[in-house]
Amino acid sequence: MILTGIISVQFGAGLADKLFAQIPPAAVTGLRLWTSAAALVALSGRGFTGSVRDLRQRRAFADAAIAGSFGISLGVAVTIEFLGPLAVAVAGSRHLRDIGWVLLAAIGVVLLTQGGHGHLNVTGVLFAVLAAICWAAYIVLSKATGRRFPGSAGLAIAMVVAAVLVTPPALIAGGRAMFGPAILATGAAIGILSSVIPYRLELESLRRMPTRLFGVWMSLEPAVAALIGVVMLGQRLSVLEWAAIGCVMIACAGAALD
């Protein structure tokens, strides 16, 4: 489920990269989250309305806060982003060998960031670090949401929160341009591939495994992103970048065997 989710989200990211030439990133994010929120509410059906009604009747403020916080972490949140899952993996580790696998994955991520020929933009790095923090929160809150809500209900609630949060910047950035038929169709595809499929699969994965192991497995994200870049965007990887991918994959396999 994790591997399928990773491939899906990175394929969606490849589509988003092509859409960036037509509308700003904030508008793409809005289309993605609006679509995914609508799809998850529809898929959840009575589970969504029942959970919202149950929260109101029980005044379960803690459960509502968990789902709301989950949505916030989705709204704000792939290489530097991996620092979030990495931190979760380190925090949950109890064995020295586990830390070794995490460090190997980290080395791979660092090699990937050094493999390019450009320079790092400080503002971009700060945004990526903020996204990394939200990604770490996503892992922890996704597991907590899965325990408190049945099926996809908690995820649907979180996605609605995320969609509401991104609406103002999306509309300001995209304007009328984001409502063209072709752009709406592409945005919908991005929402299904980058949010609905992976988040549903990750929610189920976190019901079945500890967050530490999930965090290390998510280190496959940069490797899959690089491969999608080769296939969809025609990007070329250096020998150093391929070595980085190898480090990440070995670390994931080692963590799984442990």
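Arginine 200 is partly exposed, with a relative accessible area of 25%. On this scale, buried means under 20% relative accessible area, exposed means over 50%, and partly exposed lies in between (1.4 Å probe, protein chains only). This is a predicted model: local features need pLDDT of at least 70, side-chain atom pairs count only at pLDDT 80 or more, and totals for chains, interfaces and linings use all residues. Residues are numbered from 1 along each chain as its sequence is written, and side-chain values use heavy atoms, with hydrogens and water left out.

**The whole chain**

The protein chain has 12 helices and 0 strands. Helices (H or I, at least four residues) and strands (E, at least two) are DSSP runs, numbered from the N terminus. Of the 258 residues in the chain, 46% are buried. The chain exposes about 12500 Å². Carbon and sulfur atoms supply 69% of that area. Accessible areas come from the Shrake-Rupley method with a 1.4 Å probe; for residues, only the protein chains shown count as cover.

**Helix 9**

Arginine 200 lies in helix 9. This helix covers residues 181-206, which is 26 residues.

**Salt bridges**

How many salt bridges does a search of the whole structure find? There are 3. A salt bridge is a side-chain nitrogen of Lys or Arg within 4 Å of a carboxyl oxygen of Asp or Glu.

| Arginine | Partner | N to O distance |
|---|---|---|
| Arginine 200 | Glutamate 204 | 2.4 Å |
| Arginine 207 | Glutamate 204 | 2.5 Å |
| Arginine 208 | Glutamate 204 | 2.9 Å |

Shared partners join Arg200, Glu204, Arg207 and Arg208 into one network. Arginine 200 and glutamate 204 both lie in helix 9. They are 4 residues apart, about one turn of the helix.

Is glutamate 204 buried or exposed? Glutamate 204 is buried, because its relative accessible area is 15%. Arginine 207 has 32% relative accessibility, so this residue counts as partly exposed. Arginine 208 has 58%, so this residue is exposed.

**An aromatic pair**

The structure holds 1 aromatic pair. Tryptophan 34 and phenylalanine 179 form it. Rings of Phe, Tyr and Trp (its six-membered ring) pair if their centres lie within 6.5 Å. Planes under 30 degrees apart count as stacked, over 60 as edge-to-face and the rest as tilted. Tryptophan 34 is partly exposed at 23% relative accessibility. Phenylalanine 179 is partly exposed at 43%.

**A nonpolar patch**

Leu227, Val230, Val231, Trp242 and Met249 form a nonpolar patch on the surface. Together they have about 440 Å² of accessible area. Patches are made of residues with over 30% relative accessible area and no salt bridge; like charges are joined within 9 Å, nonpolar side chains (Val, Leu, Ile, Met, Phe, Trp, Tyr) within 5 Å.

Which helix gives the largest share of the patch? Helix 11 does, with 3 residues. Helix 11 (220-233) and helix 12 (239-257) each supply at least two. Methionine 249 lies in helix 12. Its relative accessible area is 36%, so methionine 249 is partly exposed.

Conventions: Expected span 1.5 Å × (residues − 1).
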